[in-house]
Amino acid sequence: MATNFNKLARELENKIGSGNQITQDDIQTAAKVARATGRPQDKILYVLVKRASQRTDESE
């Protein structure tokens, strides 16, 4: 079964938008999507996921 990178990207976008906690798995998924697609928007999503993760770490 092929990986649906668009779906993974949408799920990450929704997670960031809703303010849910970002996990290490989320960061790895964002990196996987960015590497697999090579699309600029997916590379930006990876950066956004990393930043959201850092904000979550700081608030704890």
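E11 forms a salt bridge with K7, with 3.9 Å between the closest N and O atoms, where a salt bridge is a side-chain nitrogen of Lys or Arg within 4 Å of a carboxyl oxygen of Asp or Glu. Both E11 and K7 belong to helix α1, in which they are four residues apart, about one turn of the helix; helices here are DSSP runs of H or I with at least four residues, strands are runs of E with at least two, and both are numbered from the N terminus. E11 has a relative accessible area of 41% and is therefore partly exposed, and K7, with a relative accessible area of 44%, is partly exposed as well. In these terms, buried means under 20% relative accessible area, exposed means over 50%, and partly exposed lies in between, with a 1.4 Å probe and protein chains only.

The model is a predicted one, in which local features need pLDDT of at least 70 and side-chain atom pairs count only at pLDDT 80 or more, while totals for chains, interfaces and linings use all residues. Residues are numbered from 1 along each chain as its sequence is written, and side-chain values use heavy atoms, with hydrogens and water left out.

**Salt bridges**

A search of the whole structure finds three salt bridges, which are set out below.

| Pair | N to O distance | Relative accessible area |
|---|---|---|
| E11 and K7 | 3.9 Å | E11 41%, K7 44% |
| K15 and D26 | 2.6 Å | K15 22%, D26 11% |
| R39 and D42 | 2.7 Å | R39 26%, D42 3% |

In general, side chains of opposite charge can pair when their charged atoms come close.

The side chains of K15 and D26 meet in a salt bridge, at 2.6 Å from N to O. This pair links distant parts of the chain, since K15 lies in helix α1 and D26 in helix α2, eleven residues apart, and their C-alpha atoms are separated by 9.2 Å. K15 counts as partly exposed at 22% relative accessibility, whereas D26 is buried, with a relative accessible area of 11%. When neighbours within four places in sequence are left aside, K15 is in contact with N20, Q21, I22, T23 and D26, contact meaning heavy atoms within 4.5 Å.

In the bridge between R39 and D42, the closest N and O atoms are 2.7 Å apart; R39 counts as partly exposed at 26% relative accessibility, and D42 counts as buried at 3%.

**Helices and chain**

The secondary structure of the protein chain comes to three helices and zero strands, and along the sequence the pattern reads α-α-α. Helix α1 covers residues 5-18, and at 1.5 Å a residue its 14 residues should span 20 Å, which agrees with the 20 Å between its end C-alpha atoms; the expected span is 1.5 Å times one less than the number of residues. The N-terminal end of α1 is capped by N4, a side-chain oxygen of which lies 3.2 Å from the backbone nitrogen of N6. After α1 comes G19, whose phi is positive, near 80°.

Of the 60 residues in the protein chain, 25% are buried. The chain exposes about 4300 Å², of which carbon and sulfur atoms supply 47%, the accessible areas coming from the Shrake-Rupley method with a 1.4 Å probe, and for residues only the protein chains shown count as cover. Among contacts between residues at least 6 apart in sequence, 53% join residues at least 24 apart.

**The nonpolar core**

Which residues make up the largest nonpolar core? A9, L12, I22, I27, A30, V33, L45, V49 and A52 do so, nine residues in all, and α1, α2 (24-37) and α3 (40-59) each supply at least two residues of this core. A nonpolar core is a set of buried Ala, Val, Leu, Ile, Met, Phe, Trp, Tyr and Cys residues joined through side-chain atoms within 4.5 Å. In soluble globular proteins, nonpolar side chains tend to be buried together.

L45, found in helix α3, counts as buried at 5% relative accessibility. Not counting residues up to four places away in sequence, L45 touches A9, L12, E13 and I16. L45 and A9 are 36 residues apart in sequence, and their C-alpha atoms are 7.6 Å apart in space.

Notes: Polar contact = N/O pair within 3.5 Å; in protein donor to acceptor, adjacent residues only side chain to side chain.
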